[in-house]
Amino acid sequence: MKMTAFAAVSSIALFSASSVLANPEAEVLHWWTSGGEAKSVAVLQQEFADNGGTWTDMPVAGGGGDAAMTALRARVLAGNAPTAVQLKGPAIQEWYEEGVLADISSVAEAEGWADVLPASIADHMKCDGTWCAAPVNVHRVDWIWANTDVLEANDIEMPTSWDEFNAAAEKLMAAGVIPLAHGGQAWQDATVFEAVALGILGADGFRKAFVELDEATLTSDEMIAVFDQMRTMRGFVDPNFSGRDWNLATAMVMNGEAAFQIMGDWAKGEFMAAGKVPGEDFLCASTPGDGFLYNVDSFAMFDVDGEDKKAGQDLLAKLIVGESFQEVFNLNKGSIPARTDVSLDAFDSCALLSSADMQASSDNGSLLPSYAHGMALRGAQSGAITDVVTAHFNSDMSSAEAVAQLAQAVANSY
Ligand code: GAL
């Protein structure tokens, strides 16, 4: 009897103590598993631990996050959502509409996010006017990376037009160098495709095609030219490209096996993690054409029970947008801070170029969301486009046929 009374009293004491002084905990689902990515996410894990948090890691390998998103769906359907999830673009609003996201407005307001984030980024983080995600960075997608020595040895400059790129690639092939390091996975095909599309269609054409899904643009002669260039580039990749992970393609540029890679600046995170120096070991330039394709990584919190988990979500959201984290994380990740008030003094020339180009493109209306990285369209629409892009790249489909299929796939995706 005495024992029972004692147990009851102590459990009440424990309960009230934990609700007042919760121990922040978070299970975090993400797809940052490559060398540079893992170094970056370790920064967040460390800050979380330093602030009393207990982090349970749920990494799901697979560049671009397709596998991670499949894992997320399974967890949510099983009624067991992770506490925090790497989630971005319109997928945030899609999950919000399913009623499974937590509202993090109290953290956002206490931390003054509206004052330190550009409106173009803040808009992606909102669901019906409330804050439903925390932004980590701004990645640029339309980059071309090159091995400095390989270009020098072959007397090649960074290309400023697609014709120059093609001429350089022909020269490299004749010299026995693989011109383009590529991993044949659908999202990587889409990454190259959207960079080519931005260059050939221009910013307005890109917006019409991949933001507004304008049929006339999707079936235009310019879009045929985009697929023609993709066909040409198919001839510049090595025979083993199929299925290769993006970071292994980056390694081919690092070790001089290949000259170029077209990839977002998470590739720079790989170069940096391997101790390579921008401007010396490798070069960065925007892909030919004007404009800037942005890809903002962010985390959304899922509606979960338990004071410790809720405390973990609040702490995580606060740290993610914190000034110190945004600096250190992005130095490792290859991206630039989402916050506008973080000093870029410690950042390299590629990051400074990204920041300047982002500002200029924002001013002249050519700052555009990446379709390939889930910033422009809902999943059904971007998936429909990528299916056609990858089917074309991996077959002998004509450009005219690809364009016809593109318009049809988009029309069927609603
Ligand atoms: C992107 C993501 C980046 C990077 C890349 C490769 O979609 O935004 O942070 O991780 O995939 O995995």
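**Entry 1: burial and overall form**

I looked up burial and found that buried residues make up 54% of the 414 residues in the chain. Buried means under 20% relative accessible area, exposed means over 50%, and partly exposed is in between, with a 1.4 Å probe and protein chains only. I note that this is a predicted model, where local features need pLDDT of at least 70 and side-chain atom pairs count only at pLDDT 80 or more, while totals for chains, interfaces and linings use all residues. Residues are numbered from 1 along each chain as its sequence is written, and side-chain values use heavy atoms, with hydrogens and water left out.

I counted 19 helices and 15 strands in the chain. Helices (H or I, at least four residues) and strands (E, at least two) are DSSP runs, numbered from the N terminus.

I then checked the radius of gyration, which is 23 Å for the chain; a compact globule with 414 residues would have a value near 22 Å, so the two agree. The radius is taken over C-alpha atoms, and the globule rule is 2.2 Å times the number of residues to the power 0.38. Along the principal axes, the C-alpha atoms fill a box of roughly 90 × 45 × 40 Å.

**Entry 2: salt bridges**

I searched for salt bridges, meaning a side-chain nitrogen of Lys or Arg within 4 Å of a carboxyl oxygen of Asp or Glu. The count came to ten salt bridges.

One of them joins Arg 75 and Glu 27, with the closest N and O atoms 2.8 Å apart. Arg 75 lies in helix 3 (residues 66-77) and Glu 27 in strand 1 (residues 25-30), so this pair ties together parts that are 48 residues apart in sequence. Arg 75 is buried at a relative accessible area of 15%, whereas Glu 27 is partly exposed at 22%.

I also found Asp 238 bridged to Arg 244, with 2.7 Å between the closest N and O atoms. Asp 238 counts as buried at 7% relative accessibility, and Arg 244 is buried at 13%.

Arg 339 and Glu 323 meet in a salt bridge of 4.0 Å, N to O. Arg 339 sits in the loop between strand 14 (336-337) and helix 17 (349-364), and Glu 323 is in helix 16 (residues 323-333), 16 residues apart. Arg 339 is buried at 12%, but Glu 323 is partly exposed at 44%.

I noted a network of salt bridges that links Arg 140, Asp 142 and Asp 357.

**Entry 3: backbone angles**

Most residues other than glycine have a negative phi. Asp 155 lies in the loop between helix 8 (148-153) and helix 9 (162-174) and counts as exposed at 64% relative accessibility.

Leu 213 also has a positive phi, about 55 degrees, although it is not a glycine. Leu 213 is in the loop between helix 10 (186-210) and helix 11 (215-218), and it is buried at 12%.

**Entry 4: one glycine**

I found Gly 89 in the loop between strand 3 (84-86) and helix 4 (90-97). Gly 89 counts as buried at 1% relative accessibility. From Gly 89 to Gly 129, I read 40 residues in sequence and 15 Å in space, C-alpha to C-alpha.
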